Amino acid sequence: MSLIFPKWLNALPTLAAIGAVGGLIGVSVGGWYWLTPDFFKAGYQPKQPGGIGFPHHLHAGKLGIDCRYCHTKVEKSGEANIPNVATCYGCHAENRLANWEAQTRNVSFVRDAYGKDESIPWRRVHKLPDYVHNFPHHVHVKAGVSCFSCHGQITAMPTVHQVHGMGMGWCLDCHRNPAASLVPPDKVTQLVWVEEHLKERARTGGADSPEAKALLASLKNQPPQNCGACHY
Ligand code: HEC
Ligand code: HEC
Ligand code: HEC
Ligand code: HEC
Ligand code: HEC
């Protein structure tokens, strides 16, 4: 008997049941996937004011302005902020920069908004669904998670687009294994350094390298995996 009906056959009903549940999950995940608006997807890049919007590659890249010059609250508050038009006008007022006239066509939307005392209608790029109630920027930044790990190489982007899908699996992948992404907290806004450094570390031990282990040990709290931490 045992030769004709090998033992593993006994497991068949269980496998079939798992298959059925797996199918259901597949359907619902597929449904969620197809229902997910473009807004939440990697690659999302809305059209910004002025056509080109805010060229990070010039300001944060070529000119090397630190992220916190504009995103002033990113280390102090759960929400990162977008700078107001006065921050732009400080450099882009008429007569301010040597080549201010040559820039007029591309920065007129800045001067117009300032003149009318209006804010620039930036279109939001990254947005979590409302049922994710807790995403604290400052906790991540202070722990040594770089902007690069979540937003990609912003210093090279003429217009910001979303690099990662930012779904639940993405958050949890890092929360289960944060060591691979941690850098010294004073380096989090040096995106070019971080990209090179993390690449080099991946070649030389990754999460098991002495530096990654030391950074992990220095965290005050381990990243949470309980539902309530992000959903309540
Ligand atoms: C001179 C000001 C300035 C500097 C410096 C700056 N940013 Fe920005 N940033 C902006 C403005 C204005 C926007 C809104 C327009 C847009 O989304 O492109 C923005 C948008 C963003 C967004 C997208 C926000 C959204 O809607 O989801 C991210 C992410 C971002 N910046 C990250 C960075 C990082 C990382 C750095 C440093 C490497 C940096 N920024 C430096 C002004 C600045
Ligand atoms: C610290 C000074 C400074 C601040 C603050 C600043 N810019 Fe600029 N911006 C510059 C300089 C300098 C250039 C020219 C860079 C180059 O071409 O090498 C420039 C270039 C630009 C250009 C491209 C102009 C062209 O002709 O291609 C745009 C658009 C622009 N800035 C928008 C903004 C906006 C919007 C803000 C506010 C969120 C802002 N800038 C804040 C200094 C600044
Ligand atoms: C751990 C991942 C992570 C890190 C690290 C991170 N961000 Fe974000 N960022 C996000 C997520 C997720 C959102 C969307 C938040 C939401 O919808 O509440 C976001 C949104 C933003 C926004 C848009 C805020 C708004 O109100 O329009 C800006 C600007 C921003 N981040 C800048 C930065 C800068 C600058 C850094 C580095 C100093 C940084 N972020 C580090 C994940 C991250
Ligand atoms: C690249 C790594 C990384 C990613 C991606 C990431 N996190 Fe975290 N997160 C961390 C680390 C590290 C900590 C622990 C920080 C600490 O407490 O020192 C943390 C802590 C947290 C905490 C606890 C905050 C507190 O007050 O203790 C929340 C909530 C959280 N993350 C939410 C999220 C959500 C939501 C996402 C996805 C949108 C996300 N995280 C994506 C690394 C990450
Ligand atoms: C580290 C933060 C974090 C934790 C912990 C977490 N979630 Fe989520 N969850 C998210 C984010 C972010 C999304 C949004 C996904 C998207 O935009 O596609 C999400 C989405 C969901 C959804 C919507 C469907 C889906 O899969 O996208 C459900 C249901 C859900 N979470 C349940 C849970 C349960 C149950 C737990 C505990 C076992 C949990 N979550 C733990 C961050 C978290």
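Three helices, α2 (56–62), α3 (67–70) and α7 (147–151), each contribute at least two residues to the shell around ligand 1. The structure shown is a predicted model, and the two ligand shells described here are read from its coordinates. In total, 24 residues surround ligand 1, and the closest of them are C67, C70, V125, H126 and C147. By class, this shell is made up of 14 nonpolar residues, nine polar ones and one charged one.

The shell around ligand 4 may be described in the same terms. Ligand 4 has 25 residues around it, among which A143, C171, C174, N221 and P223 come nearest. Four helices, α6 (137–143), α7, α8 (168–176) and α11 (227–231), each supply at least two of the residues in this shell. The largest share comes from α8, with four residues. In composition, the shell around ligand 4 has 18 nonpolar residues, six polar and one charged.

The chain has a mean pLDDT of 85, and 83% of its residues reach 70 or more. Helix α7 has the highest confidence in the chain, with a mean of 98, whereas helix α1 (residues 12–35) has the lowest, with a mean of 40. Throughout residues 1–35 the pLDDT lies below 50, and this stretch makes one contact in the model beyond near neighbours in sequence.

How values were computed. Residues numbered from 1 in each chain as written. Chains lettered and ligands numbered in written order. Predicted model: local features only at pLDDT ≥ 70, side-chain atom pairs only at ≥ 80, totals over all residues. Near = placed C-beta within 6 Å. Nonpolar A, V, L, I, M, F, W, Y, C, P; charged D, E, K, R; others polar. pLDDT = per-residue confidence, 0-100. Contact = placed C-beta atoms within 7 Å.
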